[in-house]
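Trainee: I'd like to learn how to read a few features of a model. Can we go through them together?

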Amino acid sequence: TVTQDEIASIKTDTYIVGDKSANILWVEYSDLECPFCKRQHDSGAIKNLMTKYDGKLAVVFKHYPLPFHPLAKPGALTAECIGEIGGGNKFNQFIDQVFTKGTPTTAIMEEVIKALGVDAKKIKACVDSAKYASKIDAHASEGQTKFGVNGTPGNVIINTKTGKYE
């Protein structure tokens with residue numbers, strides 16, 4: 001089990017989709033370059049469960065860029081910078097659209113940035129600064145140390161009332 005303080009920590013410094021006080025929290029440790037993460041995204045499973053359990057399920061996306069995926073960390077940095085500049089909805093739209101389009105190449109990320117209507121120059125400056133690198137590393141470390149995640153997608157379902165998780 002995890003404590004209420006640990007649950008609060010998991011929810012901190014991330015973007016929550018759904019009711020922040022939902023009884024069930026789905027934490028997805030993911031890599032934008034991971035084909036299995038894309039498959040999970042494309043399956044629609046999470047969206048279907050969000051609809052089915054409206055108000056009872058919240059989802060957070062945490063970065064877990066695998067070291068052998070050279071585009072995963074730049075993709076994660078881009079997502080975080082979009083979140084800073086455009087907010088949580090733009091962050092989640094970026095994740096969704098990159099998975100929909102495929103591997104997060106520079107061209108695909110630029111296309112999605114343009115489609116989202118966020119300032120590409122500000123995003124580039126933010127990404128180049130790598131200001132979110134430690135946050136991304138912390139997400140991966142959290143998944144690994146708290147839940148034993150060692151690959152992607154790493155999915156953890158937490159009962160926010162009891163602290164029990166799978």
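Trainee: Where is the place of Asp13?

Mentor: Asp13 sits in the loop between α1 (4–11) and β1 (16–17). Helices here are DSSP runs of H or I with at least four residues, strands are runs of E with at least two, and both are numbered from the N terminus. Before we go on: this is a predicted model, where local features need pLDDT of at least 70 and side-chain atom pairs count only at pLDDT 80 or more, while totals for chains, interfaces and linings use all residues. Residues are numbered from 1 along each chain as its sequence is written, and side-chain values use heavy atoms, with hydrogens and water left out.

Trainee: What is the phi of Asp13?

Mentor: Start with the general idea: most residues other than glycine have a negative phi, and most peptide bonds are trans. Asp13 has a positive phi of about 60°, although it is not a glycine. Ala130 also has a positive phi, of about 55°, and is not a glycine either. You'll find Ala130 in the loop between α7 and α8. As for peptide bonds, Thr152 and Pro153 are joined by a cis one, with omega about -5°. Pro153 lies in the loop between α8 (133–147) and β4 (154–159).

Trainee: Which cysteines form a disulfide?

Mentor: A disulfide is a covalent bond between the sulfur atoms of two cysteines. The cut-off used here is a pair of cysteine sulfur atoms within 2.5 Å. Cys81 and Cys126 form one, with their sulfur atoms 2.1 Å apart. The pair ties together distant parts of the chain, 45 residues apart: Cys81 is in helix α4 (residues 72–86) and Cys126 in helix α7 (residues 120–129). The torsion about their S-S bond is about -80°, so this disulfide is left-handed.

Trainee: Are Cys81 and Cys126 buried or exposed?

Mentor: Both are buried. Buried means under 20% relative accessible area, exposed over 50%, and partly exposed in between (1.4 Å probe, protein chains only). Cys37 counts as buried at 0% relative accessibility, and Cys34 is buried with a relative accessible area of 3%. Ala130, at 33%, counts as partly exposed.

Trainee: With which residues is Glu80 in contact?

Mentor: Contact means heavy atoms within 4.5 Å. Leaving aside neighbours within four places in sequence, Glu80 touches Tyr15, His63, Phe91, Tyr132, Lys135, Ile136 and His139. Glu80 is found in helix α4, and at 2% relative accessibility Glu80 counts as buried.
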